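Subject: Structure handover

Hello,

Please read the notes alongside the coordinates.

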Amino acid sequence: MSALVPRLKRICGGDGVITDASRRRTYESDGLTYHAEVPGVVVLPTTAEQVAEVLGLCAAEGVPFVPRGAGTGLSAGALPRTDGVLVTTSRMRRVIEVDPDNECAVVQPGVANLDITRAAAPYGYYYAPDPSSQQVCSVGGNIAENSGGAHCLKYGFTVNHVLGLQIATPQGGLVRLGGKAPEAPGYDLIGAFIGSEGTLGIATEATVRLVRTPQKVTTLLAAFTGMDAGGEAVSSVVAEGVLPAAVEMMDALSIEAAEAAVACDYPEGAGAVLIVELDGPAADVDADAAMVRRLCERAGAFEIREASGAAERARIWKGRKSAFAAVGRISPAYIVQDGVVPRTALGEVLGDIARLSAESGIRVANVFHAGDGNLHPLVLFDDAEPGAGERAAEVSGAILDLCIRHGGSITGEHGVGVDKACSMPRMFTPQDLETMDLFRRAFDPAGVANPEKLLPTPRLCGEVPGVRKDVHPLVAEGRAEQF
């Protein structure tokens, strides 16, 4: 690694390469701090050409690289390697072009999700995918994980909003896929790249679709005594043919956390709150809002609020958008899980999660995209208590098993990363996984692009997941430092 550093500095400049041990430790994990590893070296390129040169150097020397955006991921997809290069795109944050005539924008990968909307707003457009961390999460990271957000029910995920990409390949080349045209002939390589979690290369530029700002937006908050009543309201709304932009639900524990963190002022005594947002032509929104009100009241809502303007709408969303971080107010540590079930199975699965929680003594707070069955259970534990982390991990894994058993998935938008790689065989056959690996190797035959992520490996799955508490083998050999 020391021999590589001068060559990396020639590519990215002295201030674009971090070798200091304490500064490298800043990058030891992404948003899932349960997994941590200090990178061998960190580079911060500012151009696509620099990214490509760095990857070319890694390929020539057989050194693994790990891409990193804003570090908000929740699956340890950006977990560094002590023997590798962490390629951070946070300095590539320029909105290159807003093109309202073609309803798109061209951006670098380090641009924050919400900054696309800010750039497009003067033209009457916005960028639809909106993860909870949209103020800080980067477009490059969204592309790697195929991020969604609260409004994915109506507008879909990142993959539905990317028209073109420039990619730095694991061999060090630059390739363009798609462009401003709505459709491109041939294989859907853009679709294959989005959600590949950095295992096929690094996005260095993206052309993203912009959506026209709706004529009207209405946000409703309905409070229920319990989750069952809220779930019944969701089923009724969908059954009536109403397609909200977003349908979000929070249980009592997540409401408690949000109140402690941001004082969101949700109705007192609520065992569940449902946030329903409608957008589109004013007449349609008004009719749908009236329908949603009636259905929520019929399901047992004891209070329904309607935002009177943008400020009140933001207050309603504040609790939901802050939910993950807010849980830190009521628990020293927690695992953010991410699974999907068919919408019709929501009630049964939530009941099973409640039983798992009661039997294990591990509290679980539920926050989820109710409209499309994307669950985000937060498994709470005290990391100072011996064995608590392992028990929480068991509950977390059991929740994924529930999702698979009901015909769902082990992830909806957070990705697989390291955290769920060993769960992949529970969802896919060995033949499925072999085919995925063949595809991956077609892009990266040397296996240097974000290795040991997404697909299970014997070494990875032979270890107990979590933060290493004993001496790492590389430390014992004198090849790495441990802090």
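Of the helices (DSSP runs of H or I, at least four residues, numbered from the N terminus), α16 contributes most to the lining of the second largest pocket, with three residues. This is a predicted model, where local features need pLDDT of at least 70 and side-chain atom pairs pLDDT 80 or more, while totals for chains, interfaces and linings use all residues. Residues are numbered from 1 along each chain as its sequence is written, and side-chain values use heavy atoms, without hydrogens and water.

The pocket has a volume of about 560 Å³. A pocket here is an open set of points on a 1 Å grid over the protein atoms alone, where a 1.4 Å probe fits, with protein on both sides within 12 Å along at least five of seven lines; lining residues have an atom within 4 Å of a point. The volume is the space filled by probe spheres set on the points, which are joined across faces, edges and corners.

Of its 25 lining residues, Ala 192, Ile 194, Gly 195, Ser 196 and Leu 454 are closest to the centre. At least two lining residues each come from α7 (189–193), α15 (424–427) and α16 (430–443).

No disulfides (cysteine sulfur pairs within 2.5 Å) turn up in a search of the whole structure. Cys 152 cannot form one because its sulfur is 13 Å from the closest cysteine sulfur, in Cys 137. For Cys 403, the closest cysteine sulfur is that of Cys 152, at 15 Å, also too far for a bond.

Regards
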